[in-house]
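Please keep the sequence and the structure in view while reading.

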Amino acid sequence: MSSTLSQQIHSRALEISSRYKKAESELLDILDQLDRHRVYLKHGHSSLFLYVVRELGLSESMAYLLITVSRKARQVPELKTLIASGAMTLSNARRITSVLTPQNKAEWLEKATTLTQKQLEKEVAKTRPQAAVNEGASYVSGDRVKLQVGLAEKDMLALRRVQDLLSQARGRAVSLEETITTMTQEHLKRFDPVRRAKRQIAKKGVTLGAQNGAKNPQADSSQAEAAPKRAPIPANLLHQIRLRDEGRCTYAPENGKRCNQSRWVEIHHKIPISEGGPNTLENLSTLCSSHHDWTHASKTEPSFGAPQLTQS
Ligand SMILES: [Zn+2]
Ligand SMILES: [Zn+2]
(Lines give C-alpha, C1' and ligand atoms only; values in the text may rest on other atoms or scores of the structure.)
(Ligands and ions follow the chains in the order given, each with its own letter.)
Protein backbone atom coordinates (compact mmCIF):
# COMPACT_ATOMS: atom_id res chain seq x y z
CA MET A 1 0.00 0.00 0.00
CA SER A 2 1.32 3.44 -0.89
CA SER A 3 1.97 5.67 2.05
CA THR A 4 -0.39 8.31 0.62
CA LEU A 5 -3.30 5.84 0.49
CA SER A 6 -2.64 4.65 4.02
CA GLN A 7 -2.48 8.27 5.15
CA GLN A 8 -5.82 8.98 3.45
CA ILE A 9 -7.56 6.01 5.08
CA HIS A 10 -6.11 6.99 8.43
CA SER A 11 -7.35 10.59 8.14
CA ARG A 12 -10.77 9.38 7.13
CA ALA A 13 -10.94 7.03 10.15
CA LEU A 14 -9.94 9.90 12.43
CA GLU A 15 -12.60 12.12 10.94
CA ILE A 16 -15.36 9.50 11.24
CA SER A 17 -14.54 8.59 14.83
CA SER A 18 -14.46 12.25 15.77
CA ARG A 19 -17.96 12.64 14.28
CA TYR A 20 -19.02 9.49 16.14
CA LYS A 21 -17.90 10.92 19.49
CA LYS A 22 -19.68 14.14 18.72
CA ALA A 23 -22.84 12.20 17.84
CA GLU A 24 -22.59 10.35 21.17
CA SER A 25 -22.52 13.59 23.10
CA GLU A 26 -25.41 14.96 20.99
CA LEU A 27 -27.40 11.83 21.83
CA LEU A 28 -26.69 12.47 25.51
CA ASP A 29 -28.06 16.01 25.09
CA ILE A 30 -31.23 14.99 23.30
CA LEU A 31 -31.89 12.16 25.78
CA ASP A 32 -31.68 14.73 28.54
CA GLN A 33 -34.38 16.79 26.78
CA LEU A 34 -36.57 13.73 26.11
CA ASP A 35 -36.23 12.90 29.78
CA ARG A 36 -36.97 16.39 31.12
CA HIS A 37 -40.04 16.88 28.92
CA ARG A 38 -41.06 13.22 29.33
CA VAL A 39 -41.67 12.98 25.59
CA TYR A 40 -41.68 9.16 25.84
CA LEU A 41 -44.97 9.22 27.81
CA LYS A 42 -46.83 10.91 25.00
CA HIS A 43 -45.59 8.22 22.65
CA GLY A 44 -47.03 5.48 24.85
CA HIS A 45 -43.85 4.31 26.60
CA SER A 46 -43.64 4.16 30.38
CA SER A 47 -39.92 4.88 30.43
CA LEU A 48 -37.23 6.64 28.47
CA PHE A 49 -35.48 3.28 28.16
CA LEU A 50 -38.38 1.66 26.29
CA TYR A 51 -38.70 4.73 24.08
CA VAL A 52 -35.02 4.60 23.10
CA VAL A 53 -35.21 0.88 22.31
CA ARG A 54 -38.56 0.86 20.50
CA GLU A 55 -38.70 4.28 18.83
CA LEU A 56 -35.03 5.05 18.23
CA GLY A 57 -34.10 1.44 17.54
CA LEU A 58 -30.97 1.42 19.70
CA SER A 59 -29.91 -1.78 21.47
CA GLU A 60 -30.93 -2.28 25.10
CA SER A 61 -27.35 -2.09 26.30
CA MET A 62 -26.74 1.12 24.34
CA ALA A 63 -29.98 2.62 25.66
CA TYR A 64 -28.97 1.79 29.22
CA LEU A 65 -25.49 3.18 28.69
CA LEU A 66 -26.69 6.47 27.20
CA ILE A 67 -29.48 7.07 29.72
CA THR A 68 -27.30 6.32 32.73
CA VAL A 69 -24.58 8.67 31.55
CA SER A 70 -27.05 11.35 30.44
CA ARG A 71 -28.69 11.42 33.87
CA LYS A 72 -25.36 11.49 35.67
CA ALA A 73 -24.25 14.37 33.42
CA ARG A 74 -26.90 16.57 35.04
CA GLN A 75 -24.89 16.45 38.25
CA VAL A 76 -21.51 16.33 36.53
CA PRO A 77 -21.76 18.12 33.15
CA GLU A 78 -18.03 17.59 32.50
CA LEU A 79 -18.88 14.02 31.46
CA LYS A 80 -20.41 15.30 28.22
CA THR A 81 -17.51 17.61 27.41
CA LEU A 82 -14.97 14.86 27.99
CA ILE A 83 -16.92 12.42 25.80
CA ALA A 84 -17.38 14.97 23.01
CA SER A 85 -13.67 15.75 22.98
CA GLY A 86 -12.77 12.06 22.94
CA ALA A 87 -10.88 12.28 26.25
CA MET A 88 -13.28 9.78 27.86
CA THR A 89 -15.13 6.87 26.30
CA LEU A 90 -18.86 6.49 26.83
CA SER A 91 -18.32 3.10 28.49
CA ASN A 92 -15.75 4.50 30.93
CA ALA A 93 -18.22 7.25 31.79
CA ARG A 94 -20.79 4.52 32.45
CA ARG A 95 -18.29 2.63 34.65
CA ILE A 96 -17.94 5.52 37.08
CA THR A 97 -21.62 6.62 37.27
CA SER A 98 -22.26 4.54 40.40
CA VAL A 99 -19.49 6.27 42.35
CA LEU A 100 -19.24 9.72 40.75
CA THR A 101 -20.58 12.76 42.63
CA PRO A 102 -20.07 16.53 42.20
CA GLN A 103 -17.86 16.38 45.32
CA ASN A 104 -15.47 13.66 44.16
CA LYS A 105 -15.56 14.42 40.46
CA ALA A 106 -11.94 15.61 40.19
CA GLU A 107 -10.70 12.23 41.36
CA TRP A 108 -13.04 10.04 39.27
CA LEU A 109 -12.89 12.06 36.05
CA GLU A 110 -9.11 11.81 36.27
CA LYS A 111 -9.27 8.04 36.78
CA ALA A 112 -11.76 7.52 33.97
CA THR A 113 -9.59 9.41 31.49
CA THR A 114 -6.24 7.86 32.44
CA LEU A 115 -6.73 4.30 33.72
CA THR A 116 -7.28 1.24 31.54
CA GLN A 117 -10.72 -0.35 31.55
CA LYS A 118 -9.59 -3.17 33.90
CA GLN A 119 -7.88 -0.80 36.34
CA LEU A 120 -10.94 1.44 36.38
CA GLU A 121 -13.30 -1.50 37.06
CA LYS A 122 -11.08 -2.51 39.98
CA GLU A 123 -11.11 0.99 41.47
CA VAL A 124 -14.91 1.18 41.23
CA ALA A 125 -15.33 -2.29 42.76
CA LYS A 126 -13.11 -1.25 45.69
CA THR A 127 -15.38 1.73 46.39
CA ARG A 128 -18.67 0.05 45.66
CA PRO A 129 -18.54 -3.76 45.57
CA GLN A 130 -22.13 -4.19 44.44
CA ALA A 131 -21.35 -2.26 41.23
CA ALA A 132 -18.82 -4.90 40.20
CA VAL A 133 -21.39 -7.31 38.77
CA ASN A 134 -23.54 -5.92 35.99
CA GLU A 135 -26.99 -7.42 36.29
CA GLY A 136 -28.28 -8.73 33.06
CA ALA A 137 -30.02 -11.40 31.08
CA SER A 138 -28.97 -12.48 27.62
CA TYR A 139 -30.30 -15.10 25.21
CA VAL A 140 -28.08 -18.16 24.87
CA SER A 141 -30.32 -19.99 22.40
CA GLY A 142 -33.95 -19.96 21.30
CA ASP A 143 -35.91 -19.42 24.50
CA ARG A 144 -33.10 -19.95 27.00
CA VAL A 145 -31.72 -16.96 28.87
CA LYS A 146 -28.52 -16.62 30.82
CA LEU A 147 -29.01 -14.62 33.99
CA GLN A 148 -26.20 -12.75 35.69
CA VAL A 149 -26.67 -11.22 39.10
CA GLY A 150 -24.59 -10.28 42.13
CA LEU A 151 -25.67 -11.54 45.57
CA ALA A 152 -24.53 -10.90 49.12
CA GLU A 153 -22.99 -14.04 50.61
CA LYS A 154 -25.75 -14.40 53.19
CA ASP A 155 -28.41 -14.27 50.47
CA MET A 156 -26.55 -16.89 48.47
CA LEU A 157 -26.55 -19.13 51.56
CA ALA A 158 -30.29 -18.54 51.94
CA LEU A 159 -30.80 -19.53 48.31
CA ARG A 160 -28.78 -22.72 48.91
CA ARG A 161 -30.99 -23.40 51.92
CA VAL A 162 -34.11 -23.20 49.72
CA GLN A 163 -32.38 -25.53 47.26
CA ASP A 164 -31.71 -28.02 50.09
CA LEU A 165 -35.32 -27.87 51.31
CA LEU A 166 -36.65 -28.41 47.79
CA SER A 167 -34.30 -31.32 47.18
CA GLN A 168 -35.40 -32.81 50.47
CA ALA A 169 -39.09 -32.38 49.59
CA ARG A 170 -38.72 -33.80 46.09
CA GLY A 171 -36.40 -36.64 47.05
CA ARG A 172 -33.77 -35.70 44.45
CA ALA A 173 -31.07 -33.14 43.79
CA VAL A 174 -32.75 -29.96 42.56
CA SER A 175 -30.78 -27.51 40.39
CA LEU A 176 -30.40 -23.80 41.12
CA GLU A 177 -32.55 -23.14 38.06
CA GLU A 178 -35.39 -25.29 39.41
CA THR A 179 -35.01 -23.58 42.79
CA ILE A 180 -35.39 -20.11 41.28
CA THR A 181 -38.32 -21.07 39.02
CA THR A 182 -40.12 -22.73 41.94
CA MET A 183 -39.69 -19.64 44.12
CA THR A 184 -40.89 -17.44 41.27
CA GLN A 185 -44.01 -19.53 40.70
CA GLU A 186 -44.77 -19.63 44.43
CA HIS A 187 -44.45 -15.87 44.66
CA LEU A 188 -46.71 -15.27 41.64
CA LYS A 189 -49.28 -17.72 42.96
CA ARG A 190 -49.46 -15.77 46.21
CA PHE A 191 -48.97 -12.18 45.13
CA ASP A 192 -49.81 -11.71 41.44
CA PRO A 193 -53.03 -9.61 41.58
CA VAL A 194 -54.13 -10.87 38.15
CA ARG A 195 -53.97 -14.51 39.25
CA ARG A 196 -55.73 -13.69 42.50
CA ALA A 197 -58.41 -11.86 40.55
CA LYS A 198 -58.91 -14.90 38.34
CA ARG A 199 -59.30 -17.18 41.37
CA GLN A 200 -61.67 -14.83 43.20
CA ILE A 201 -63.91 -14.18 40.20
CA ALA A 202 -64.01 -17.89 39.44
CA LYS A 203 -65.05 -18.53 43.04
CA LYS A 204 -67.43 -15.64 43.73
CA GLY A 205 -68.45 -14.39 40.30
CA VAL A 206 -68.86 -10.76 39.29
CA THR A 207 -70.71 -8.30 41.55
CA LEU A 208 -71.53 -4.68 40.78
CA GLY A 209 -69.30 -1.99 42.27
CA ALA A 210 -70.56 0.04 45.22
CA GLN A 211 -71.56 3.61 44.51
CA ASN A 212 -68.85 6.13 45.19
CA GLY A 213 -68.89 7.49 48.74
CA ALA A 214 -72.08 5.73 49.68
CA LYS A 215 -72.28 4.30 53.18
CA ASN A 216 -68.59 4.54 53.80
CA PRO A 217 -68.07 3.42 57.42
CA GLN A 218 -64.67 5.15 57.46
CA ALA A 219 -66.19 8.51 56.51
CA ASP A 220 -64.40 11.21 58.45
CA SER A 221 -66.64 14.15 59.30
CA SER A 222 -63.67 16.35 60.18
CA GLN A 223 -62.57 16.34 56.53
CA ALA A 224 -63.19 19.48 54.51
CA GLU A 225 -66.60 19.20 52.85
CA ALA A 226 -65.25 20.39 49.53
CA ALA A 227 -63.13 17.26 49.13
CA PRO A 228 -65.35 14.24 48.52
CA LYS A 229 -64.29 11.24 50.61
CA ARG A 230 -62.37 8.60 48.73
CA ALA A 231 -64.36 5.40 49.13
CA PRO A 232 -62.27 2.26 48.89
CA ILE A 233 -62.76 0.32 45.67
CA PRO A 234 -64.53 -2.96 46.53
CA ALA A 235 -62.33 -6.04 46.19
CA ASN A 236 -64.55 -7.67 43.60
CA LEU A 237 -64.43 -4.58 41.39
CA LEU A 238 -60.64 -4.44 41.75
CA HIS A 239 -60.44 -8.05 40.59
CA GLN A 240 -62.55 -7.22 37.53
CA ILE A 241 -60.30 -4.28 36.65
CA ARG A 242 -57.20 -6.43 37.01
CA LEU A 243 -58.63 -9.12 34.80
CA ARG A 244 -59.85 -6.68 32.15
CA ASP A 245 -56.57 -4.71 32.04
CA GLU A 246 -54.39 -7.76 32.72
CA GLY A 247 -52.76 -5.81 35.54
CA ARG A 248 -51.08 -3.57 32.97
CA CYS A 249 -51.09 0.11 32.07
CA THR A 250 -53.82 0.85 29.55
CA TYR A 251 -52.44 4.15 28.31
CA ALA A 252 -52.33 4.17 24.51
CA PRO A 253 -51.27 7.12 22.35
CA GLU A 254 -53.23 8.28 19.30
CA ASN A 255 -51.19 6.13 16.94
CA GLY A 256 -51.92 2.92 18.78
CA LYS A 257 -49.48 0.91 20.86
CA ARG A 258 -50.57 0.42 24.44
CA CYS A 259 -48.01 1.02 27.23
CA ASN A 260 -48.60 -2.36 28.93
CA GLN A 261 -46.23 -1.66 31.83
CA SER A 262 -47.01 -4.04 34.70
CA ARG A 263 -44.75 -2.53 37.34
CA TRP A 264 -45.96 0.24 39.67
CA VAL A 265 -49.48 0.26 38.35
CA GLU A 266 -52.26 2.30 39.94
CA ILE A 267 -56.01 2.61 39.56
CA HIS A 268 -57.19 5.84 37.93
CA HIS A 269 -60.63 7.47 37.94
CA LYS A 270 -61.37 8.72 34.40
CA ILE A 271 -63.95 11.12 35.83
CA PRO A 272 -62.24 12.25 39.04
CA ILE A 273 -63.82 11.60 42.44
CA SER A 274 -63.88 15.38 42.96
CA GLU A 275 -66.26 15.63 39.98
CA GLY A 276 -68.45 12.82 41.21
CA GLY A 277 -66.70 10.07 39.28
CA PRO A 278 -68.03 6.74 40.57
CA ASN A 279 -66.24 3.52 41.47
CA THR A 280 -67.46 1.59 38.46
CA LEU A 281 -65.70 -0.67 36.01
CA GLU A 282 -66.20 1.89 33.22
CA ASN A 283 -64.81 4.79 35.21
CA LEU A 284 -61.72 2.99 36.50
CA SER A 285 -58.61 2.07 34.60
CA THR A 286 -55.12 0.77 35.26
CA LEU A 287 -52.24 3.17 34.64
CA CYS A 288 -48.54 2.86 35.42
CA SER A 289 -47.39 5.52 37.87
CA SER A 290 -45.66 7.53 35.11
CA HIS A 291 -48.72 7.65 32.90
CA HIS A 292 -50.92 8.24 35.94
CA ASP A 293 -48.91 11.30 37.07
CA TRP A 294 -48.74 12.52 33.54
CA THR A 295 -52.48 12.09 32.95
CA HIS A 296 -53.27 14.21 35.99
CA ALA A 297 -50.58 16.77 35.20
CA SER A 298 -51.64 17.26 31.60
CA LYS A 299 -55.34 17.05 32.52
CA THR A 300 -56.17 15.56 29.14
CA GLU A 301 -57.90 12.24 29.10
CA PRO A 302 -55.65 9.78 27.28
CA SER A 303 -57.25 7.25 24.97
CA PHE A 304 -57.58 3.87 26.56
CA GLY A 305 -56.76 0.71 24.73
CA ALA A 306 -58.26 -1.61 27.29
CA PRO A 307 -59.04 -5.11 26.10
CA GLN A 308 -62.46 -6.62 26.78
CA LEU A 309 -63.07 -8.31 30.10
CA THR A 310 -61.65 -11.77 29.70
CA GLN A 311 -63.20 -14.38 31.93
CA SER A 312 -61.83 -17.84 32.18
ZN1 LIG B 1 -55.95 9.11 38.59
ZN1 LIG C 1 -48.00 3.39 31.25
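## Burial and the overall make-up

A residue is called buried if 20 or more other C-beta atoms lie within 10 Å of its own, exposed if 12 or fewer, and partly exposed in between. L27, which is found in helix α1, has 19 C-beta neighbours inside 10 Å and therefore counts as partly exposed.

The model discussed here is predicted, and what follows should be read with that in mind. The protein has 13 helices and six strands, and buried residues make up 21% of its 312 residues. Among contacts between residues at least 6 apart in sequence, 57% join residues that are at least 24 apart.

## Where α1 meets α4

Two packed helices are described by the angle between their axes and the distance between the axes. For helix α1 (residues 3-36) and helix α4 (residues 60-75), the axes come within 9 Å and cross at roughly 80°, so that α1 and α4 are roughly perpendicular to each other. On the α1 side the contact is made by L27, L28, L31, D32 and D35, and on the α4 side by L66, I67, V69, S70, A73 and R74.

L27 and S70 are 43 residues apart in sequence, yet their C-alpha atoms are 8.6 Å apart in space. L66, once its neighbours within four places in sequence are left aside, is in contact with L27, L28, L31 and V52.

## The nonpolar cores

Which residues touch the most other members of the largest nonpolar core? In this core of 25 residues, they are L66, V69, L79, I83 and A93. At least two residues of the core are supplied by each of α1, α2 (39-42), α3 (48-54), α4, α5 (78-85), α6 (90-96) and α7 (105-114), and α4 gives the most, with five residues. Apart from this core lies another, of six residues, among them C249, Y251, V265 and L287.

## Helix α5 and its buried face

The buried residues of α5 are L79, K80, L82 and I83. Seen down the axis of α5, these buried residues fall within an arc of 165°, and they therefore line one face of the helix. They pack against α1, α4, α6 and α7. Just after α5, G86 takes a positive phi of about 85°.

Helix α9 (residues 153-170) and helix α10 (residues 176-191) have axes that come within 9 Å and cross at roughly 90°, so α9 and α10 are roughly perpendicular to each other. The contact is made by L159, V162, Q163 and L166 of α9, together with L176, T179, T182 and M183 of α10.

Most residues other than glycine have a negative phi. Against that background, R38 has a phi near 50°, a positive value in a residue other than glycine. R38 has its place in the loop between α1 and α2, and with 18 C-beta neighbours inside 10 Å it counts as partly exposed.

E246 likewise has a positive phi, of about 60°, although it is not a glycine. E246 is found in the loop between α12 (235-245) and β3 (251-252), and it is partly exposed because 16 other C-beta atoms lie within 10 Å.

How values were computed
Residues numbered from 1 in each chain as written. Chains lettered and ligands numbered in written order. Predicted model: local features only at pLDDT ≥ 70, side-chain atom pairs only at ≥ 80, totals over all residues. Axes fitted to C-alpha atoms, helices over the stretch in contact; angles between N-to-C directions. Helix = DSSP H or I, 4+ residues; strand = E, 2+ residues; numbered from the N terminus. Parallel < 35°, antiparallel > 145°, perpendicular 65-115°, else oblique. Contact = placed C-beta atoms within 7 Å. Core = buried A, V, L, I, M, F, W, Y, C linked by C-beta atoms within 7 Å. Arc of directions from axis to C-beta.
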